[in-house]
Amino acid sequence: MLKKERQSIILDILSSEGRVFSSELSRRLNVSEDTIRRDLNQLAKNDLLKKVHSGATTIGPSVTNFEYRNNIKNEEKIKLVQLALPLIEEHSVFFVDGSTTNLKFVESLPVNFKGTMITNSPYIAIAAIQKKELVTISLGGNFAKRSAVYLGESTIREIENIRADYYLMGIHNLDFNIGATVNSQQESFTKLKMADHSDHVIAIATKEKLGASSHYVSCPISQISYLVTDSDNKSILNKFKDKNIELLTL
C-alpha cells in the first residue's frame, strides 16, 4: 500500500471515529507503529489532524472572535437550539456561558419565560433584556475580548455561591473520552466551576466539534447530561451514548 493511500485511509477512519490510536491503526493497516507515527506526524504537520498521546484526533474549528463566529452556521445553530429549548424548565436556575449558540438559545426563549439565568457574557445578558420574566444575574471579572466573557478569580468566587439546576455550556471541542475542552486555561477554570455547581450540563455541538480536543479540559465527560448535535455519525454518537449521555439529534 502506498503512503498516500494509507494516509487517506487514516483520515477516513478519523473522520468516522473521531479519534485513532497508533497501535490499532498498525494492526488494521498491517504496518509497523513507527510507520503509523510517521504518517500521523506528516498529517499533523499539514494541519489535517491533531497528534495526541498514542494517536490522533480531528482538528476542531479554529478559534476566532465572538462577532465573527456569531455570523456563521446560523441556520444549524438555530435548528439545534430548537431541540435544546425544552431541556431547561421554567422556574429553574441556570448558567449560560458565552458562545454564539448560547446567544441564539437565549434569543429563542419565549418572551415570558420565567426563570433565573446567570451568565458571564455581556452579549447574552443584553439579549435577556427582551425576556420580561427572566431574572438575569451578570457575573463580573476580567473581560476576555476574543471570547467576550468575564473570567478570573472574582468570576469563580461568584459562581461558588450559586447552585444551578442546569448549565448550558458553550462547546469548542467535545471528545467522548476527555470531555469538553477549550484553548484558554482561564476559560476552562470558569467552565469547570459552573459544571461543578450545576445538577445537569447541556452541550450543544455541531458535528465538526465532536471527537476533537483542545489543551484544557472545561468539563469532564462524566458531568455532561445532554448532547444536542447535528451529527449523524452513529459510530461517534454511540460512544457518547455509552457514557450515559442523553442524545438529541436532528
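Mentor: Let's begin with a definition: a residue is buried under 20% relative accessible area, exposed over 50%, and partly exposed in between (1.4 Å probe, protein chains only). The model above is predicted, so local features need pLDDT of at least 70 and side-chain atom pairs count only at pLDDT 80 or more, while totals for chains, interfaces and linings use all residues. Residues are numbered from 1 along each chain as its sequence is written, and side-chain values use heavy atoms, with hydrogens and water left out.

Trainee: Why is Arg163 called partly exposed?

Mentor: Arg163 has a relative accessible area of 48%.

Trainee: What makes Asp199 and Arg163 a salt bridge?

Mentor: The term asks for a side-chain nitrogen of Lys or Arg within 4 Å of a carboxyl oxygen of Asp or Glu. The closest N and O atoms of Asp199 and Arg163 are 3.1 Å apart, so the pair passes the test. The pair links distant parts of the chain, 36 residues apart: Asp199 sits in strand S12 (residues 198-205), and Arg163 in the loop between helix H8 (153-160) and strand S9 (164-169). Elsewhere, salt bridges with shared partners join Glu33, Asp34 and Arg37 into one network. A search of the whole structure finds 11 salt bridges.

Trainee: What decides where a helix or strand begins and ends?

Mentor: Helices (H or I, at least four residues) and strands (E, at least two) are DSSP runs, and they are numbered from the N terminus.

Trainee: Which residues of H3 are buried, and how do you know which side they are on?

Mentor: Thr35, Ile36, Asp39, Leu40 and Leu43 are the buried ones. They cover an arc of only 135 degrees around the axis, so they lie on the same side of H3. The arc is taken from the directions from the helix axis to the C-beta atoms. The face turned away from that buried side carries the exposed residues Arg38 and Lys45.

Trainee: What does Asp39 pair with?

Mentor: Asp39 forms a salt bridge with Arg6, with the closest N and O atoms 2.4 Å apart. Asp39 lies in H3 and Arg6 in helix H1 (residues 3-17), so the pair ties together parts 33 residues apart in sequence. At 2%, Asp39 counts as buried, and so does Arg6 at 8%.

Trainee: How do you know whether Glu75 is buried or exposed?

Mentor: Its relative accessible area is 53%, so Glu75 is exposed. Glu75 also forms a salt bridge with Lys79, the closest N and O atoms being 3.5 Å apart. Both lie in helix H5 (residues 74-84), four residues apart, about one turn of the helix. Lys79, at 43%, is partly exposed.

Trainee: What makes S5 and S6 a pair of strands?

Mentor: Two strands pair if DSSP finds at least two bridges between them. Strand S5 (residues 115-119) and strand S6 (residues 134-138) have five bridges, in the parallel sense, so they qualify. One of these bridges joins Gly115 to its partner Leu134 in S6. From S5 the chain crosses through helix H7 (residues 122-127) to S6, in a right-handed β-α-β crossover. Right-handed means that, with the strands pointing away from the viewer, the path from the first strand over the helix to the second runs clockwise.

Trainee: Which side of helix H10 are its buried residues on?

Mentor: In H10 (residues 234-241), Ile236, Leu237 and Phe240 are buried. Their arc is only 95 degrees around the axis, which puts them on the same side of H10. Lys234 and Lys241 are exposed on the other side.

Trainee: What about the backbone angle phi of Ala148?

Mentor: Ala148 has a positive phi of about 60 degrees although it is not a glycine. Ala148 is in the loop between S7 and strand S8 (149-151), and at 3% it is buried. Asp47, in the loop between H3 and strand S2 (50-52), also has a positive phi, near 60 degrees. Asp47, however, is exposed at 61%.
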